[in-house]
Amino acid sequence: MTSARRAARRRADRRRRLTVLALLSPWLIGFCVFVLYPIMNSLYWSFTVKRYGKPARWVGLGNYRLLLENDELLLALKNTAYLALIGLPIRLFIALLVATLLARPRRGNGAYRLLFYVPSLVPAVASGALFFFLLRQGGPVAGLLDLFGIEAPLWFRDPAWTKPALIMLGTWAIGDTMLVFMAGLVDIPRSLYEAVELDGAGRWARFRYVTLPMISPVTFFTLLTGLIGVLQAFDAAYVFSQGVRPGRLTGEPDGSLLTYAMLQLRYFSDGRIGFASAMAWVMFVLTLVITLVMMATRRRWVHTTTDGAA
Amino acid sequence: MSTVLVATEQPARRTAPVGASRSRRLLFLIGRHAVLVALALMFALPFLFMLLQSVMPITQAKTTALWPDRFEWGNYREVFDRVPLATYFLNTLKVCVLATIGTVVSCVPVAYAFSHVRWRGRTAVFVLVLATMMLPYQVLFVSQYQIFTELGWINSILPLTVPAFFADAFSIFLLRQFFLTLPTEVMDAARIDGASELGVLARVVVPLAKPGIMAVAIFQFLFSWSDFFGPNLYLDSDDSLTLAVGLVRLNTALVKTGESNLTMAAAVLFVLPILAVFFFAQKVFIEGVTLTGTKG
């Protein structure tokens, strides 16, 4: 009797496991074929000299040592740091500013929200072409500045101005960040504001001591995804530099638009698969380090509510 | 047009402050509007210039003119003569439709297994799924490219569509978030009535989660439409390109001739379908963005 019941239960368990496996199978197969295998493969290749169609030759840490001595890599990392340290704060600030101004329902806010959101729908290659046209010599921006008697910089000839152009483009496309901030702002309980108002807090104090701490989980999230995004930046920088000098992945002018992903793609296109793999793995590790460092310092500047938020 | 982008629940307007603070309040209101109007102008002008440039006659397009002398609608036809835009359009549509179908078909069961089926190790495996969301494409494509080359898939849409049928982490995550908001009682009731897990999924979860599934479909469609890196990697022959790659090549070629009016006309044609999809499904779309925190 009991053994029969146990057998029946075992059968049911087996059925259940099979069902779960069946439900998961698309992801399981995809994970093995399109994620796990490629990652392991590129890890192996990163320790070899490898060209497609030829066997890999083991060189140990050779590629990684070359990476350390690579001046262009340093340049790409500097460009990335520029975009992260200057571009990202500007984007987050504008997104938070707009979200703060528009979070509460007022007449006309719907139209504003739409206007600020829609640019983020424009694909980076299209906004790249658009901003290349807007900022070019004799373009609309130069024309507008001319009305005020200001001489426009040579955005795409002067290496000092190419990254500000990229940052302007990025700031135009903050719609997603704005939406996430808005959702965070709406979730702040009204009672908190009322409490500090009783203490006589002004507008700034309310923002500083209620709004900022309460949306810090959202800020954390947007900062983290923003940093990872900057590390992978490619499309707009590619469109700009192709406009300056077509057919090359050197980030012209003077490497000012060279991003990490662009340099990696160049080594890949040149058939240096081992080196490109090493670069990819360094990028992966950098992403991990950024994430872990941010997670580790999270408690210091992210306010956590009792329900654990975000 | 004036649909509110984020659903908000707000108590009644706060009572107006009294006395001296009224003038400060007025000052703030004026400041708020000044900032908003200035920013709004900066966000709207690029669109305006794009539209104006797209209908500028070529003689004027090469000058600093801001407003076209006459509206040259023929620019839009001219783009079709310069590049096989109809072919690009068709290629892009094929990629988008197939990738969207693949994503929905593959991610719905996976997300269900991660939300409403109980099994040992579920949390650990889900953390693994989340971790793969962080993977840069760079560590994957170097080896994927070799696989696709050996399969003879270069210059076809297969590298851009087949992987979509094997569930990506972002869509699984988004769908799971939606599924978790569904009432478990209905599912348990179906199970007590003898429904299998697949039956519960097909007859209870999918009908209830239609908005979530729509959001995932729209995200995938827009991602495939906008994607440049992948198509640029796998497509090279002129008749295989998607719009994104075609636009970049057109832009690069026309920078030299100064025909930015044609580039802008092509850009308008490329962006319009996206805006159409967005306006068509705004509510579902916004819900998705705020639920996951990002468009991915």
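Colleague: Where does Pro253(A) lie in chain A?

Modeller: Pro253(A) is in the loop between α11 (235-244) and α12 (260-269) of chain A; helices here are DSSP runs of H or I with at least four residues, strands are E runs of at least two, and both are numbered from the N terminus. This is a predicted model, in which local features need pLDDT of at least 70 and side-chain atom pairs count only at pLDDT 80 or more, while totals for chains, interfaces and linings use all residues. Residues are numbered from 1 along each chain as its sequence is written, and chains are lettered from A and ligands numbered from 1 in the order in which they are written.

Colleague: What kind of peptide bond joins Glu252(A) and Pro253(A)?

Modeller: That bond is cis, with omega about 0°. Asp254(A) lies in the loop between α11 and α12 as well, and has a positive phi of about 50° without being a glycine.

Colleague: Why is Asp254(A) called partly exposed?

Modeller: A residue is buried if 20 or more other C-beta atoms lie within 10 Å of its own, exposed if 12 or fewer, and partly exposed in between, with C-beta atoms placed from the backbone. Asp254(A) has 15 such neighbours inside 10 Å, so it counts as partly exposed.

Colleague: And what makes Asn155(B) partly exposed?

Modeller: Its count is 14 other C-beta atoms within 10 Å, and therefore Asn155(B) is partly exposed. Asn155(B) sits in the loop between α6 (138-150) and α7 (158-161) of chain B, and its phi, near 65°, is positive although the residue is not a glycine.

Colleague: Why does Phe93(A) count as exposed?

Modeller: Phe93(A) has 12 C-beta neighbours inside 10 Å, so it is exposed. Phe93(A) belongs to helix α3 (residues 71-102) of chain A. Its C-alpha atom is separated by 9.8 Å from that of Met178(A), 85 residues apart along the chain.

Colleague: Which residues have the most contacts inside the largest nonpolar core?

Modeller: They include Met178(A), Phe181(A) and Ala99(A) from chain A, and Val110(B) and Leu247(B) from chain B. The core has 153 residues; such a core is a set of buried Ala, Val, Leu, Ile, Met, Phe, Trp, Tyr and Cys residues joined through C-beta atoms within 7 Å. Helix α4 (residues 85-115) of chain B gives the largest share of this core, 12 residues.

Colleague: What is Phe181(A) in contact with, leaving aside neighbours within four places in sequence?

Modeller: Its partners are Ala95(A), Leu96(A), Ala99(A), Ile215(A) and Val218(A). Contact here asks for C-beta atoms, placed from the backbone, within 7 Å.

Colleague: How many residues of each chain are in contact across the two chains?

Modeller: 75 residues of chain A are in contact with 72 residues of chain B. Helix α1 (residues 2-45) of chain A supplies the largest share of the chain A side, 15 residues.

Colleague: How do you know what radius of gyration a compact globule of 310 residues would have?

Modeller: The rule is 2.2 Å times the number of residues to the power 0.38, with the radius taken over C-alpha atoms. That globule would be near 19 Å, but chain A has 25 Å. The C-alpha trace of chain A spans about 90 × 65 × 35 Å along its principal axes.

Colleague: What is the predictor's confidence in chain B?

Modeller: The mean pLDDT, a per-residue confidence from 0 to 100, is 89 for chain B, and 92% of its residues reach 70 or more. Over residues 6-16 of chain B, though, the pLDDT is below 50. For the complex, the predictor gives an ipTM of 0.91 and a pTM of 0.91.
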